[in-house]
Amino acid sequence: MNRRISLLSAAIAATVLSAASMSAFSADFRTAQNPVQGEYIVVLKNDAARIASEARPNALVSTIARQMAASHRMNVTQSFDHAVRGFAVKADDAALVRLLADPRVAYVEENGVMSINATQSPATWGLDRVDQRALPLNNSYVYNRTAAGVHAYIIDTGVLGTHSQFTGRMGNGFDAVGGGTTDCNGHGTHAPALSAAPPGAWPRASRSIRCACWAAPVPAPPRASSRA
Ligand SMILES: [Ca+2]
């Protein structure tokens, strides 16, 4: 209760709160990290309305939402009859106070702006190494660029150009030693897979791969020294 009151006190003007007793609030109030002013998500108690999959005599959430919008003088922007027993509204502070006092409401949450996390952690060694110059590795890969227009040049044992994960993004290879550009070892296909094959590719939008090939089978580079 104390947390609910403190959050609400910060969010609503004191002049509005003075019109209602804090003890009259039956619903919880939840804040968002980056709130959208005046927009809220209202979640109802189980017995206040039914969602579409329930066989009960109660009215649907969308029906209750319209009734509550009229009585509390707010605008419903979206109703949820399936995934959650609630709806989204635009409301001023006075309407928010009325919502929180409505016994049908379980909680009201601020609508908020969210963004995806562009950091992958843990990351495999290849991804971990490519986003930092200095060692030691930090076990994460930050992909905060699209890399549009980037070409990755792979100098290795050739590439299996017919691999489905490279479709449409494979450029012409260069054969420096004779024998063709098709992978003659296996390591040469593994390397461009790190740079351009989803889902672990870097940068995330690499467009094409070009390769060099050694004709004769060669051992894979010693991994311990290549990671130093
Ligand atoms: Ca890293």
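Good morning. Among contacts in this protein between residues at least 6 apart in sequence, 68% join residues at least 24 apart, a contact being two residues whose C-beta atoms, placed from the backbone, lie within 7 Å. The model is a predicted one: local features need pLDDT of at least 70, side-chain atom pairs count only at pLDDT 80 or more, and totals for chains, interfaces and linings use all residues. Residues are numbered from 1 along each chain as its sequence is written.

The secondary structure comes to 7 helices and 10 strands; these are DSSP runs numbered from the N terminus, helices being H or I of at least four residues and strands E of at least two. Of the 228 residues, 24% count as buried. A residue is buried if 20 or more other C-beta atoms lie within 10 Å of its own, exposed if 12 or fewer, and partly exposed in between, with C-beta atoms placed from the backbone.

I turn to the sheet. In an open sheet with mixed pairing, 5 strands take the order β1-β5-β2-β4-β3, where two strands pair if DSSP finds at least two bridges between them. At the edges are β1 (28-30) and β3, each pairing on one side only. From one strand to the next, the twist averages 20 degrees. β2 and β4 run antiparallel and are joined by 5 bridges, and V42 stands opposite F87 in β4.

Two helices pack on this sheet. α3 touches β2, β3 and β4, and its direction makes about 165 degrees with that of β3. α4 touches β1, β2 and β5, with about 145 degrees between its direction and that of β5. Axes here are lines fitted to C-alpha atoms, for helices over the stretch in contact, and angles run from 0 to 180 degrees between N-to-C directions.

Which residues of α3 are buried? They are V61, I64, A65, M68 and A69. Seen down the axis of α3, these fall within an arc of 140 degrees, so they line one face of the helix; the arc is that of the directions from the helix axis to the C-beta atoms. The face turned away from them carries the exposed residues Q67, A70 and S71. After α3 comes R73, whose phi is positive, near 60 degrees.

Finally, the largest nonpolar core has 24 residues, of which V42, L96, L99, L100 and V108 touch the most other members. Such a core is a set of buried Ala, Val, Leu, Ile, Met, Phe, Trp, Tyr and Cys residues joined through C-beta atoms within 7 Å. The elements giving two or more residues to this core are β2 (35-44), α3 (61-72), β4 (86-90), α4 (93-101) and β5 (105-112).
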